[in-house]
Amino acid sequence: MKTFLITCYVCIVSLSHAQPETSVVGSVLNERDLSPMGGVRISLVSTQNLSITKSDGTFILEWLPFGKQQLLFQKNGFVTQEFEVNITDLGKIDIGQILMQPDIQTDQSENFITLGEDDFLDDIRAQNAPGLLQATKDVFLRTAAFEFGSSFFRVRGLDAMNTSILINGIKMNKLQNGRPLWSNWGGLNDVMRNQEFVNGVSASNVDFGGAQATTNINIRVSQMRKGASISYASSNRSYKNRVMGSYNSGLLSSGWAYSISLSRRWADQAYVDGSLYDANSVFIGVEKQLGKQQALNIVAMYTPNRRGRTSPITQEIFDLKGNQYNEYWGFQDGEIRNSRERKVVEPIIMLNHFYELSDKVTINTNLSYQFGYNASSRLDYRNTNNPSAAYYRKLPSYSLSRKPINFQEAFVNEQEFIKNGQLNWFSLYEQNIGDTSDYVLYDDRTEDKVFSGNSIVRVELSDKLLLNGKLHFRQLYSDNFAVLSDLLGGENYVNTDTFDNYQYNLLNPDQVVLEGDKFRYHYGINAIEASSFVQLQAKTASLDYFLALSATQTNYQREGFFESEAYQDNSFGKGERLSFLGVSTKAGATFKTSGRHLFQLNGFFSQRAPTISNSFVNLRESNSVVPGIKEERFFSTDASYIFRFPFLNGRLTGFYSQLQNANEVSFYFTDGIGGDTAAFVQEVLQGIEKTYIGAELGFESPITSTLKLKGAVSFGQYTYSNNPNLILSSQDLENGFLDVGRTNLKNYKLANGPQRAYSVGFEYRDPEYWWFSPTVNFFSNAYVDVSPLPRSNNFFLDTDGLPINAIDSDLSRVLLQQEEFEPYMIVNAVGGKSWKVKDYYLGFFASINNILNETYKTGGFEQGRNANYSQLKEDFERERPVFGNKYWFGRGTNFFVGCYVRF
């Protein structure tokens, strides 16, 4: 792969040829107050030449062809300016000052929609990649954000760990799972709008980046839009109310700049029943210019938030209660109380130093410290029944599965579930009367301390060559434990396993637990990540190209503070220190045959450390490492054709990616292991290979000066491409460990949302600053997540542990067939109106999604309860399966409306 990339680079360089040296210089000012504007993108319509204004607003755009050329000046929140310049001779042309006007039609992407934390905070759907869902000029990516997002569509089938999210150059992806936690800066739209977005594996100036995209959020205070903003929004999606306010001073004559932003979002419950939302956000930033060449920027973010989680449901439950049902909540004293709340309180403090060493060299040094906690609550119970109203034994399907069939009991259970069907908090308190609680509420709590530091260098080697470099260091200490938060009326609890009475901590056997005590598990993780990155970019009149290299050293070590009875020899104390070396490289080129036709080719290879969560067999109770663990490998390539005609413009891209040597660790209860063993297991899939292949198209065509047609197509096929090894770990297994062997997953589809998506719509923008856009979207080829255990040799074992004598091969194929969701169509509409009244900018925005109230599944998984042929066959032949697939359903008709004022 390295030889291939180097060969491509040599070929690219040999194709480039010298061109006459010409350049354009000037400065960009804000029309409102004539202040200099940094971060403005200046590009040439006929080529890919690009420049970014410095903090004083100045720029230089080099290597321009002769003739009349159109320059574009672009920045989020401002009207794009066009300027024609006639290049007739060599040398520099000074075009003077360009004034940019605030754009009062940017409501959709800046003032109202924040997809990251709103739609992707919880459950497995958070594996989407909201890093792509930002304001962008690319038609396809805009559509993926605002039209495909509600269906949990993943661009190119990849999840968020393949997207690098940075704030002021500091990487925000978590070491635990590789994904960013959007709620860490949720609600701070006003100060998070300045972003450098790089699609795919193209060159980024601040980081090597991910296989899918790289986004750097710029929160440098002096570059934030000057002025104040106040907004209010209402919705029935994730929260019902949102209030935001901010003020940015801009760069003052004294060399100081300051910024403050506040917001609150709340709901007793939103679209899904019992899904409370309570979030506050505070941002404070100060910058001081230290002469003409240096500046110091200090910011702090505090975004505490609490949210009630939602449950996946079976088809049986959906038929009885609908898609808004949520089993996790019930009324307590007339108030909604959710047993599974997620709380995130992780403040961030950041210090940034900007140094323009010369006109050609800049150095940006960044330090960050993040601390706080992330907690998820749940019920625990001992020697009693599962309190959930949706527990399988309380549903009619269970009564109908027993012999003889008890129709009366099934009817009674059905009516009770329809009438009530929620958690009965009163009964839990009532049963807990006495010394020891039968039911308690506890938090799975993670307390992280993360220190990050880096230095980013940008060097203009010549008029045609740009060198980027970065040194990065990150250290994490993560304290993880369960803490008893509510005895629910009882006086104490006992720290032993609910089902088998195993001691969770032999260092303190039969520990009596009180509120605030740690129990069940307690361990720490020490992790260190150090990396370097270097990139060379070159531009000529007909060819742009780049080559980047990166090396990363990653170390993990677990330290147990409890000694588990199930893992006595491998739970307490420090475990094995894991060390991974990742070497990555990428290269790309853009061929500019003319201003109307551009061709791009990119290649990417990454060798990276597995995440913490996929490196250990059972993090909570054991130091055991996944056997034979090694670095993951990811290869990706894409080719694009970008077309720009007066009547049509857009992008067509083909892509191919492959993941190798991946591990995945999951947890569930299963029955029928090795014949008749039932256990709560940790499932480890080893050596997974996945293939992603497809194409994407985005286009728009102006019909009139105010009306345009727009559309997007994503056509993909994402599959397992091998049969990985399956390992089970459980205290109920002999020696606590079972190597099941190969599981036959090859050619099964990945459960990563719709693999085919289509959109078409119109957009009308009136000269009087109102606009309206209806769209029709169609989705297909979405699949349920398959369970690996039944697709192993375990499928053929009878209750005695021996192979089943008679198996119907045709029925076996039906039992193991992957469920494909029904295709569906979603109709959306969005619109708004903006006004300018003296120095005030006012706006109104409204969107309605799923106008036709379509019912559709956005994801789901097979329950792992049935592990062999006999069990699957028995459940399949029932009219209502007891352990049917569980699903997440999309929202029905939903809305979002808001208004704002800026001054």
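Colleague: Before we go on, what are the ground rules?

Modeller: This is a predicted model, where local features need pLDDT of at least 70 and side-chain atom pairs count only at pLDDT 80 or more, while totals for chains, interfaces and linings use all residues. Residues are numbered from 1 along each chain as its sequence is written, and side-chain values use heavy atoms, with hydrogens and water left out.

Colleague: Which residues of helix 7 are buried, and how do you know that they are on the same side?

Modeller: Ala410, Asn413, Glu414 and Phe417 are buried (under 20% relative accessible area; exposed is over 50%, partly exposed in between, with a 1.4 Å probe and protein chains only). These four cover an arc of only 100° around the axis, which puts them on the same side of helix 7; the arc is taken from the directions from the helix axis to the C-beta atoms. On the face turned away from that side, helix 7 carries the exposed residues Gln408, Phe411 and Lys419.

Colleague: Why is Asp159 called buried?

Modeller: Its relative accessibility is 12%, and the cut-off is under 20%, so Asp159 counts as buried. Asp159 is found in the loop between helix 4 (139–146) and strand 8 (163–167).

Colleague: What makes Asp159 and Arg179 a polar contact?

Modeller: Their side chains are joined at 3.2 Å. The rule asks for a pair of N or O atoms within 3.5 Å; within protein, one must be able to donate a hydrogen and the other to accept it, and residues adjacent in sequence count only if both atoms are side-chain atoms.

Colleague: Now the rings. Why is the pair Phe845 and Phe896 called what it is?

Modeller: Rings of Phe, Tyr and Trp (its six-membered ring) pair if their centres lie within 6.5 Å; planes under 30 degrees apart count as stacked, over 60 as edge-to-face and the rest as tilted. The count by this rule is 39 aromatic pairs. Tyr381 and Tyr439 are one of them, tilted, at 6.2 Å and 45°. Since Tyr381 lies in strand 24 and Tyr439 in strand 25, that pair ties together parts that are 58 residues apart in sequence. Tyr381 is buried at 16%, and Tyr439 is buried at 4%. For Phe845 and Phe896, the centres are 6.3 Å apart and the planes at 70°, so the pair is edge-to-face.

Colleague: What makes you say that Arg220 sits over the ring of Phe354?

Modeller: The charged end of Arg220 is 4.0 Å from the ring centre of Phe354. The test needs NZ of Lys or CZ of Arg within 6 Å of the ring centre and within 35 degrees of the ring normal. Lys586 likewise sits over the ring of Phe208, at 5.1 Å.

Colleague: And how do you know that strand 32 and strand 33 pair?

Modeller: Pairing needs at least two bridges found by DSSP, and strand 32 and strand 33 have twelve, in the antiparallel sense. Among the bridge partners, Phe605 has Phe635 in strand 33. Strand 33 and strand 34 are joined by twelve bridges too, running antiparallel, and form a hairpin with four residues between them.

Technical notes:
Helices (H or I, at least four residues) and strands (E, at least two) are DSSP runs, numbered from the N terminus.
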